[in-house]
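Work through the exercises below with the structure open beside you, and try each task before you read its solution.

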Amino acid sequence: MDLSGRTALITGAGQGIGEACARIFAERGARLVLLDKNKETLPYVADSIAEQGTPVIARIIDLTHTVALKRLIKEIKKHAFIDILVNNAGFDRPGTTPKIEKKQFNEVMGIHVVIPFLLSKWLLPEMKSQRWGRIINISSVYGTSGAKGEVAYSTAKAAVIGLTKTLAREAGHDNVTVNAIVPGLIRTPPIIQMPDRHKEPIIHQTLLRRIGEPEEVARVAAFLASEDASYITGTTITVSGGWGI
């Protein structure tokens, strides 16, 4: 899973799965462009990786400010050719259909669907022109199964899979692969903060009877980004310990 000579842009890189992807991609030899809105965690992640000798560009940005994001991508393109895009950033607005507000629904769709669409739109032409590229979208088990009280999140994560399959059809002729990872219950900050009464039933339904680690998702992302996955596109890989199968 050698990524030497490649540059990966990772969103939500300041913690959780995004941070794990950054560290594992760096171990595999990739240069990094890291985006996150967290002013506390992103600099620490970027500095600790750069200290190991990996070239890192880190930018603090609210991805939902799309005008600023487009400007930033233009700036980054002057310094780095993005070979790999990992659309990981996201957040949740829990609520059932009768209770959730349109604004909340749109916020969740925006970060999980609109931002990956825009980043793919802006970066895909260069990937196609060099006839090599990787787009990896992070979905969720809730995107394949649905979840009561998670109408916005589940809908958005299902849309991520649809976006993945469509992009794969559009990019395949130019040797650009597009795949989605479907994590289960992973030890990220939101899950750590989740009350045990909510976590325990999910763990009980998980065949491996434990919470997954961010690194276990990141290793799959590194595989999909590498030449080892050169004939895999338009698919979803579930990393859930057997939950939701």
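Contact, a term used throughout, means heavy atoms within 4.5 Å. The model is a predicted one, in which local features need pLDDT of at least 70 and side-chain atom pairs count only at pLDDT 80 or more, while totals for chains, interfaces and linings use all residues. Residues are numbered from 1 along each chain as its sequence is written, and side-chain values use heavy atoms, with hydrogens and water left out.

**Exercise 1.** Find where Thr-206 lies, and decide whether Thr-206 is buried or exposed.

*Solution.* Begin with the position: Thr-206 belongs to the loop between helix H8 (196–205) and H9, where helices (H or I, at least four residues) and strands (E, at least two) are DSSP runs, numbered from the N terminus. Next take the accessibility, for which buried means under 20% relative accessible area, exposed over 50%, and partly exposed in between, with a 1.4 Å probe and protein chains only. Thr-206 has 2% relative accessibility and therefore counts as buried. Then look at the surroundings: apart from residues up to four places away in sequence, Thr-206 touches Ser-240, Gly-241 and Trp-243. Finally, a polar atom of the Thr-206 side chain lies 2.8 Å from the backbone oxygen of Ile-202.

**Exercise 2.** Describe the largest nonpolar core and say which elements supply at least two of its residues.

*Solution.* A nonpolar core is a set of buried Ala, Val, Leu, Ile, Met, Phe, Trp, Tyr and Cys residues joined through side-chain atoms within 4.5 Å. The largest one has 34 residues, and those with the most contacts inside it are Ile-10, Phe-25, Leu-32, Leu-34, Ile-84 and Ile-181. Among the elements that each supply at least two residues of this core are strand S1 (7–11), helix H1 (16–27), strand S2 (31–36), helix H2 (41–50) and helix H9 (214–225). A second, separate core of 29 residues includes Leu-35, Ala-89, Leu-123 and Val-176. Thr-7, in turn, is in strand S1 and is buried, with a relative accessible area of 3%.

**Exercise 3.** Work out how H1 packs against H2.

*Solution.* The angle between H1 and H2 is about 10°, and their axes are 11 Å apart; axes are lines fitted to C-alpha atoms, for helices over the stretch in contact, and angles run from 0 to 180 degrees between N-to-C directions. Because angles under 35 degrees count as roughly parallel, over 145 as roughly antiparallel, 65 to 115 as roughly perpendicular and the rest as oblique, H1 is roughly parallel to H2. On the H1 side the contact is made by Glu-19, Ala-22, Arg-23 and Ala-26, and on the H2 side by Tyr-44, Val-45, Ser-48 and Ile-49.

**Exercise 4.** What is the phi of Arg-131, and what is the phi of Asn-175?

*Solution.* Arg-131, although not a glycine, has a positive phi of about 55°; Arg-131 sits in the loop between H4 and S5 and is partly exposed, with a relative accessible area of 44%. Asn-175 is not a glycine either, and has a positive phi of about 65°. Asn-175 is placed in the loop between H6 and strand S6 (176–183), and a relative accessible area of 35% makes Asn-175 partly exposed.

Notes. A polar contact is a pair of N or O atoms within 3.5 Å; within protein, one must be able to donate a hydrogen and the other to accept it, and residues adjacent in sequence count only if both atoms are side-chain atoms.
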